[in-house]
Amino acid sequence: MAETEKLVSVGGWEWDIVKDKWIFSDNWLRIHGCSKRHLKTPELLPMAHPDDLYDIQKALDMVVAEGSDYEIEHRIIRQDTGEERYVRACGRAKLDSYGKTVKLYGSAQDITQQKIREKLLQESEKKYRYLINWAQEGIWVIDQEDNTQFANNNVAKMLGCTCDEMLGKNLFHFMDDEGTYLAKKKLARCRQGVSEQHDFEFIRKDGTRVFTTLVTAPILDNAGKYNGAIASLIDISERKQAEEALKEKTLLLEDISKHMFDMVSLSDLEGNFMFVSDSYERALGYTANEMTGKNIIDLVHPDDVSRIIDEFQTFLKRGGTKKVQYRYQHKSGNYLWLETIGEVLLDENQSPHQIIYSTRDITEHYEINQKLKSNEALFRGLYDNMTSGAAIYKVLNDGSKGSDYIVKNFNNKSLEIEGKTLQQVVGKSLFELRPGIDDYGLVAAMKKVWQTGEPSYFPVKIYQDEVFSSYYENYIFKIPTGEVVTIYNDVTDQKNAEIALKESEERFALAMEFANDGLFDWNLETNEIYYSPMWKRMLGYQDDELPNDFTVWETLTQPEDVKRSWELQNKLINGKLDKFEIEFKMKHKEGHWVDILARANATFDKNNKAIRIIGTHVDISERKKLENQLLQSQKLESIGNLAGGIAHEFNNILSIIIGNNELVMEDLPEWSLARESTEEIRIAGMRARDVVKQLLTFSRRDNAAKTVIDIGSVVKESTKLIRSSTPANIAIRQNLTEDVFSVFGNATQISQLLINLSNNAVDAMPSSGGILTIDLSNETVDGKRHVSLASGQYVKLMVCDNGIGMDKKTLDKIFDPFFTTKEVGKGTGIGLAVVHGIVERHCGSIFADSHLGQGTTFTIYLPIHERLSEDQSDKQTVLASGNERVLYVDDEPSIAKLGKRHLESLGYTAESTTDPLQALKIVKTNPGKFDLMISDMTMPAMTGEHLITEVLKVRPDMPTIICTGYSAKLSKKEAENIGVAAFVMKPLNKAEFAQTIRKVLDEAKGENQE
């Protein structure tokens, strides 16, 4: 028994309550570290832990009082070591015949190790629960019904609630419908024992969304059956945002790479390109695919190859960065100068791995540097070969003495003046070379220039010392490096000639005083100028009203004329011209401009240096006026001829279109779908016919019948029509002579003339109203007064208004075809051109007089009995046809549709579009679909020129035709340069259109066969 107690660490005891005697087994004594077997109760008290003594006493009292069993755990203090240990104490009462407790029997088991293990387990559980609760990952446990059994703090934080709020809630409470669907599929796999990782989106308590990555695993019971699931979650919302930001940044970097100015590339250590930016194509013409795989040496200029190879190998050995300049071949074959900065990239082992390059085109910069070097040599040559002396001085101290100016350089002329070599003067002070310089006054001027940086002129003055006695003039300036430069000339000979020259000038002044032309005399040495009284009177000034100063001419002359005059004067001064002759404008005292013809000659000294310019001014205003009138007449005649030629050809085309269309309309039944197209043609033809009629009238080629007409009646009838269309607040006044002559002409055209002029007058008057005056009278003309009119009798028609008027610049252009001052859509610009054409056709003349704010007056002179005629003939053309496939592009729907139908009627398979971008897309999708493309020139989304350029990039052999109504935008030569097969003007008749198409297609076939 003793061994058994020892084995299970149990010791027995017995307490005789009556005798208060305790008896203990050996193992009990061993557990308590006590050697005395029989003890009294007071002796036991020290063995109990003070904190547990109350519980022990309470248990014993209960057993004694009630006679029941007890079992408690408490701590003891071993008597031999003082060690604290845990025991489990059990007791049972023995009662006498009266039911009173007289003895107690019990045991004490040492459970210290068990308690230690329990404590460690509790601490471990507490630690792990803390770790789970505060782990960076979220931990979430659900039961078989998908309800939350456990959720740590991080999961609750992710979902925006507390752990207690999550307990018991169903997993699907935190998902939307789509998430619930996906979660059920994942849970089905989990129930089958599958553990997996995936991304999932949950709904937070506040309705926002949180992105997570979670790993799920099934929880199995002891029988291996599914008992729930556990998941670890990581909030990847920031990662998602970072991924989006990275994606945007990547796109941005790609975009930067595409549009950056510098070329960026990457190569291996052999120099083979692994990557090149899009800027290579812009700079060198090669695409990224064409460059990738090439070696950097492949396109280097042959003369630079060996140097670049040496630089490359040295660069690889030393690492770091390297900058080189070299020539590189453009795709066109030309060589460009490039500057490349390369850097060796290291791998994780710090070994050379790849090379990155940043390259830019420095061709322009290189050429500028070469020019700078050339210019430096040029200016050095100019400096050394100047006819004036030039000296460069370094300034010491305060620059107030000649000894403060040290010679850095003399040009050849200075050395000649000084009679020394460059070695003899460099390093010397100005005082050493010219001992009297401090009294000369030049040093003070040099000091001021040195201090202020402002150039200065030191006028002619004699310098004297024991060696020199000469007149000098000096120009002083400061250069950016801080040195002071003097440009000086020895003018001793000129000064000696001044007295004789002055006497000559006095005699010349007398001659100028009585000359009819304006005379001027400019002394180039002193920059003095003389203007004769007549020179000034030409401009409306008395002799004492204008000073004899060169700035007078510059101020009164138009700025652009001043520049031209200077250019000629410089050539005259430099001996490149024998004489000077130019026309320019000078401002009169009253404000108007005077046309001047200037002639001049230069006088040179014995060294062929120009010292004087003498010349005359002649007022040629009247002559210029006559010339301008003649020029305007010739200009209008030329424009009329040009407009007439265009209108005549256009009229032939319209005749064919309208005539054939009428035949088609006659043959078509009322129900025919084609009538819509023929009606569109008829309406457009009528509109075009009206425009052509005006153009033919303007060009004097309209063959409208002429008769002797009563122009007074025509004016009266036209005035009635004008009145009906004129606002009521504009008054119309007629002054018609009763016996006005008749004229030989066309009444309709005369009426049109008057209506056009009246409409212009009405448009020129303010909205508040005005007065339109129409005068008709007879007048005898003296041809001397009017250059454009022969002497004789005329009918004079005047149309006057008190509107806004015109300035001279506008007045000079009013008869130009298509010139208008009206807003877009409110004027064609041919009204006055038509008027001019009618007047010219009637062998008359028209004059306009206008001033801003004072209204405008048109005066027309019409002679009598002159007849003009011109035959017209029609042309017929044989239609050409074919069966090829043609794409027709025009942004005007009617024209696009008409073009397609014309092509189909000629046998072609045609397709049309009003969108050039759509046309380009069609060609790119199927480059071989069409044999020919016809495009309009001016379209809103993309011009025809641009469209054809892009199409030829896709299919270089496709023949193309471009149509335009205004050839100034693209000449025939320019069209050929971009690859256009034919260039035609709109509108074309069907025959010419068919012929052009056939010719282009046949030529394309011939080239392909070759």
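Trainee: Why does Arg204 count as partly exposed?

Mentor: Arg204 has a relative accessibility of 24%. Buried means under 20% and exposed means over 50%, so Arg204 falls in between and counts as partly exposed. The value comes from a predicted model.

Trainee: What makes Arg204 and Asp206 a salt bridge?

Mentor: Their side chains meet at 3.7 Å, N to O. The cut-off for a salt bridge is 4 Å, so the pair qualifies. Asp206 has a relative accessibility of 54%; the limit for exposed is over 50%, so Asp206 counts as exposed.

Trainee: How do you know that Glu165 forms a salt bridge with Lys205?

Mentor: The closest N and O atoms of Glu165 and Lys205 are 3.0 Å apart. The limit is 4 Å, so this pair is a salt bridge too. Glu165 sits in helix α7 and Lys205 in the loop between β9 and β10, 40 residues apart. A search of the whole structure finds 45 salt bridges.

Trainee: Are Glu165 and Lys205 buried, partly exposed or exposed?

Mentor: Glu165 is at 30% relative accessibility, which is between the 20% and 50% limits, so Glu165 is partly exposed. Lys205 is at 57%; that is over 50%, so Lys205 is exposed.

Trainee: Why is Arg955 called buried?

Mentor: Arg955 has a relative accessible area of 15%. Buried means under 20%, so Arg955 is buried. Its side chain meets that of Asp957 in a salt bridge at 3.1 Å, N to O. Asp957 is at 42% relative accessibility and therefore counts as partly exposed.

Trainee: Why is Phe379 called exposed?

Mentor: Phe379 has a relative accessible area of 52%. That is over 50%, so Phe379 is exposed. Phe379 lies in helix α13. With Leu378 and Leu382, Phe379 makes a nonpolar surface patch of about 310 Å².

Trainee: How do you know that a polar atom of the His330 side chain makes a polar contact with the backbone oxygen of Leu284?

Mentor: The two atoms lie 3.4 Å apart. The limit for a polar contact is 3.5 Å, so the pair is within it. His330 is in the loop between β14 and β15.

Trainee: Which residues have the most contacts inside the largest nonpolar core?

Mentor: They are Ile711, Leu753, Leu757, Leu772, Leu797 and Ile860, in a core of 35 residues. Helix α26 gives the most to this core, with 6 residues. Leu753 touches residues including Leu797 and Ile860.

Technical notes: Residues numbered from 1 in each chain as written. Predicted model: local features only at pLDDT ≥ 70, side-chain atom pairs only at ≥ 80, totals over all residues. Heavy atoms only, no water. Core = buried A, V, L, I, M, F, W, Y, C linked by side-chain atoms within 4.5 Å. Buried < 20%, exposed > 50% of the residue type's maximum accessible area, 1.4 Å probe, protein only. Helix = DSSP H or I, 4+ residues; strand = E, 2+ residues; numbered from the N terminus. Contact = heavy atoms within 4.5 Å. Patch = residues over 30% accessible without salt bridge, like charges linked within 9 Å, V, L, I, M, F, W, Y side chains within 5 Å. Areas by Shrake-Rupley, 256 points an atom, 1.4 Å probe, with all protein chains shown as cover. Polar contact = N/O pair within 3.5 Å; in protein donor to acceptor, adjacent residues only side chain to side chain. Lists of a residue's contacts leave out its neighbours within four places in sequence.
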